[in-house]
Structures are given as C-alpha cells and as structure tokens.
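Colleague: I'd like a close look at a single part of this model, and I'd be glad if you could walk me through it in plain words. Here is what I have on screen.

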Amino acid sequence: MFCQVLKESQKCTRRKSLLKVRAMDFITSTAILPLLFGCVGIFSLFRLLQWMRMKTYLRNVVVVITGATSGLGKECAKVFYSAGSKLVLCGRNAEALEELTRELTTSRATKVQTHKPYTVTFDLTDPGAIVAAAAEILQCFGYVDILINNAGISYRGTIKDTTVDVDKRVMETNYFGPVALTKALLPSMIKRRRGHVVAISSIQGKISIPFRSAYAASKHATQAFFDCLRAEMEQYEIEVTVISPGYIHTNLSLNATTADGSRYGATDKTTAQGRNPAEVAQDVLAAVGRKEKDVILADLLPSLAIYLRTLAPGLFFSLMASRARKERKSKNS
Ligand SMILES: NC(=O)C1=CN([C@@H]2O[C@H](COP(=O)(O)OP(=O)(O)OC[C@H]3O[C@@H](n4cnc5c(N)ncnc54)[C@H](OP(=O)(O)O)[C@@H]3O)[C@@H](O)[C@H]2O)C=CC1
Ligand SMILES: CCCCCCCCCCCCCCCC(=O)OCC(=O)COP(=O)(O)O
C-alpha cells in the first residue's frame with residue numbers, strides 16, 4: 001500500500017516537471033519570448049526618447065520660479081538650473097535670492113551648459129509690483145517659456161475666529177498673485193504661440209481638511225483657474241500643469257498665518273515627516289518636462305481621500321468632522 005502511494009506521488013512529481021519543461025519549451029519555441037523582449041525593448045526606447053525630449057525641452061529656456069528663496073521653490077531652482085534652464089528667481093528677500101544664485105553658480109553638478117540666474121524681488125500681494133516684475137522679466141529676456149507659480153503660504157485656524165483680512169491675505173498670496181503674474185506674462189506667450197504655465201497647488205486643492213479653510217480655498221481656486229486656463233490656451237499651444245503635492249518638509253507650517261494674522265511659528269509633525277523637497281522638485285521637473293496636465297504627488301492615503309470625496313462624499317465629510325473633533329479635543333486637553 002505504502003509503495004503504491006510512493007509510486008503515485010513520484011509519478012505526479014514527474015508529470016509536474018514534465019509540464020514545466022513543456023511550458024518553457026512553449027515559451028522559447030513560440031513567439032512569446034521574442035515578444036516579451038520586444039515589449040521591454042520598445043518600452044525602454046520609449047522612456048529613453050521621452051527622457052531625451054524632456055532634456056531638450058528644458059535646456060536654454062527661460063524659466064520663472066516664484067518663491068525661490070525657500071523650500072520647494074529653492075529645490076526647483078536647483079534642478080532646473082542643472083537641466084540648463086535660464087532661471088528668473090523671484091522672491092521677497094533679495095539677499096536670499098543672491099545667496100541662492102551664488103550657490104547655483106558655484107556648484108558643478110551638471111554636464112550641460114548652465115546660465116547665471118536673474119533675480120527679481122517682489123511681493124505677490126502687491127498687484128503693481130507684479131506688473132512691474134513681469135515687465136522687467138520681458139524687457140530682460142524678451143519672453144518666458146515656463147512660469148512656475150510656486151510661492152505660497154499656509155494657514156491654521158478656525159473659521160469663526162479668523163478675520164477676513166487673513167482670508168484675503170492667503171487668497172492674495174496663493175491665488176490672486178499667481179493669477180496676476182500669469183496674466184501679465186500670457187500675452188507674450190500667446191504672441192509666440194509658446195509657453196508653459198505651472199501651478200504648485202496641493203492635495204488641499206482637491207480636498208478640504210478642517211482648520212485650513214483659507215489655504216484649502218486658495219488651492220481649490222488655483223486648481224479651478226488653471227484648469228480653465230488649460231482649456232482656453234490649447235488653441236495657442238500653451239501648456240498648463242497643475243501639481244498637487246502632499247506634505248513636504250519645508251518652512252510652510254513655520255511661516256503659516258494664524259487666525260489673527262500672526263505667524264504660526266512651528267513645524268508640524270506632518271510637515272516634518274513630509275517628503276524631501278529635493279525629491280519633490282525632481283518630480284516637478286519630470287512633470288513639466290513631460291508636459292503633464294494634472295499631477296498628484298502624494299502617498300496612498302491622500303490619494304484615496306480624493307477618490308473618497310468624489311465617490312462617497314458623505315463618508316468623507318464624516319471622517320473630516322471626526323478629524324475636527326479629535327483636533328479640538330487635543331487642543332483643549
Ligand atoms: N510644504 C508642504 O507640505 C506643501 C507645500 N505645497 C506648496 O508648495 C509651495 C511652496 O511652499 P514650500 O516650499 O513648502 O514653503 P516655504 O515656506 O518653504 O516657501 C514658500 C515660498 O513662498 C514665498 N512667499 C510667501 N509669501 C510670499 C509673497 N507674499 N510674495 C512672494 N513670495 C512669497 C516665500 O518667500 P519668503 O522667503 O519671502 O517668505 C518662500 O520662498 C506653496 O505653494 C505650498 O502651498 C503644497 C503641498 C504641500
Ligand atoms: C478608501 C479609504 C480612504 C480613506 C481616506 C481617509 C481620509 C484621510 C484624510 C487624509 C487627509 C490627508 C490630507 C493631506 C493634506 C496635504 O497633504 O496637504 C498638503 C499641504 O499643502 C500641507 O499644508 P499644511 O499647511 O496643511 O501642512
């Protein structure tokens with residue numbers, strides 16, 4: 001009896017290995033293996049061509065970056081500089097812009113020809129200064145190829161305690177400023193039938209979380225405006241890219257405004273645990289280089305939250321209400 005079972009199991013093993021051999025024979029003797037290699041080859045070639053096109057697209061073009069003094073803007077300056085772009089670095093702090101220019105021009109991390117950045121100092125809450133800055137840039141370079149609207153501030157507070165002046169300041173910095181700068185540069189892009197406008201939005205441009213009303217509103221407005229712009233500019237071959245990152249480890253929460261307009265002055269755990277801005281800048285470079293239209297740069301949970309907001313809004317609102325309750329409780333205790 002035992003011998004019979006042993007024989008049967010040996011037969012079974014032999015049959016299995018025979019099947020394996022036959023499967024391998026089938027793969028090698030038929031078109032499957034060449035097809036597999038062909039697909040991998042075509043995909044690699046496609047990626048290589050895409051990469052080469054991206055490099056050409058970014059080399060020697062005029063790229064304006066707002067908020068270049070810190071965080072993501074500063075890192076974007078580094079990656080676009082290394083890609084051979086002609087940078088116009090914008091910010092409120094002239095000294096910090098000069099310091100960044102020194103840092104860039106003394107670094108030797110790139111093989112392509114680089115260009116000394118040009119700096120322009122202005123505040124995005126000042127409409128007159130924005131018009132003057134755009135005129136200065138156009139006077140100096142004649143045109144702008146890529147505008148990266150990156151500068152921004154965040155906010156922390158309850159709606160009931162926040163003055164409308166604070167709401168306005170956040171909207172002016174994050175929404176009206178970028179809109180005004182874009183409008184000031186758009187006519188020259190339209191004339192050339194060439195240009196690319198980038199908006200650094202946020203996951204909070206897609207979903208609203210409690211105690212971020214002004215910030216989330218400014219980013220939702222940004223998403224809406226630049227989506228409209230994309231559709232209207234298609235006829236002039238002007239590209240529009242909206243990028244929505246999740247948390248990044250920058251000074252954003254430190255510089256955030258509170259309900260009464262004072263500086264928040266702390267780095268939140270979510271910010272401290274956020275992505276490295278240099279890595280996010282690489283993703284921004286790739287998204288711009290590939291002329292992507294709408295990009296989410298976040299982990300799974302925020303990405304899922306966006307779908308939840310669309311597919312099951314009731315559940316999403318309950319989760320946000322519970323988040324608000326928890327945050328209130330932890331503040332009161
Ligand atoms: N950090 C994060 O978790 C996330 C950030 N973002 C977005 O990324 C962008 C960059 O922020 P991040 O690098 O994180 O933050 P930082 O605070 O490090 O940088 C913000 C930049 O914006 C500039 N800025 C602020 N207010 C004005 C103004 N009134 N006029 C001109 N420039 C101004 C700042 O200049 P100055 O030095 O003069 O203050 C600074 O250069 C923002 O749009 C933000 O909303 C999106 C998702 C997540
Ligand atoms: C199917 C299951 C789905 C589960 C979804 C649960 C919902 C979880 C909510 C997650 C919220 C994520 C918020 C992300 C916010 C964010 O990344 O903001 C980026 C910023 O702009 C940061 O600015 P801040 O000043 O707020 O630090």
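How many residues surround ligand 2, and which are the closest?

Modeller: Keep in mind that this is a predicted model. Around ligand 2 there are 22 residues, and the closest are Ser154, Ser202, Ile203, Gly246 and Leu304. Sorted by class, that shell holds 13 nonpolar, 7 polar and 2 charged residues.

As for where the shell comes from, start with the helices. Helix H8 (269–272) and helix H10 (300–311) each supply at least two residues of the shell around ligand 2. H10 gives the most, with 5 residues.

Now zoom out a bit to the domains. The protein splits into domain 1, covering 61–298, and domain 2, covering 301–333. The two domains touch through 9 residues from domain 1 and 9 residues from domain 2. On the domain 1 side of that contact you'd find 7 nonpolar residues, 1 polar and 1 charged. The C-alpha centres of domain 1 and domain 2 are 27 Å apart. Back to your ligand: both domain 1 and domain 2 give residues to the shell around ligand 2, so ligand 2 lies between them.

Ligand 1 is surrounded by 28 residues, the closest being Gly67, Gly71, Arg92, Gly152 and Thr250.

Still, H6 bends by about 50 degrees at Glu172.

The protein has 11 helices and 9 strands. Its C-alpha trace spans about 95 × 55 × 40 Å along the principal axes. The radius of gyration is 26 Å, whereas a compact globule of 333 residues would have one near 20 Å. So if you come back to ligand 2 with all that in mind, look between domain 1 and domain 2, since both give residues to its shell.

Conventions:
Residues are numbered from 1 along each chain as its sequence is written. Chains are lettered from A and ligands numbered from 1 in the order in which they are written. This is a predicted model: local features need pLDDT of at least 70, side-chain atom pairs count only at pLDDT 80 or more; totals for chains, interfaces and linings use all residues. A residue is near a molecule or strand if its C-beta atom, placed from the backbone, lies within 6 Å of it. Domain bounds come from an automatic or database domain assignment. Two residues are in contact if their C-beta atoms, placed from the backbone, lie within 7 Å. Ala, Val, Leu, Ile, Met, Phe, Trp, Tyr, Cys and Pro count as nonpolar, Asp, Glu, Lys and Arg as charged, and the others, Gly among them, as polar. The bend at a residue is the angle between axes fitted to the seven residues ending there and the seven starting there. Helices (H or I, at least four residues) and strands (E, at least two) are DSSP runs, numbered from the N terminus. The radius of gyration is taken over C-alpha atoms; the globule rule is 2.2 Å times the number of residues to the power 0.38.
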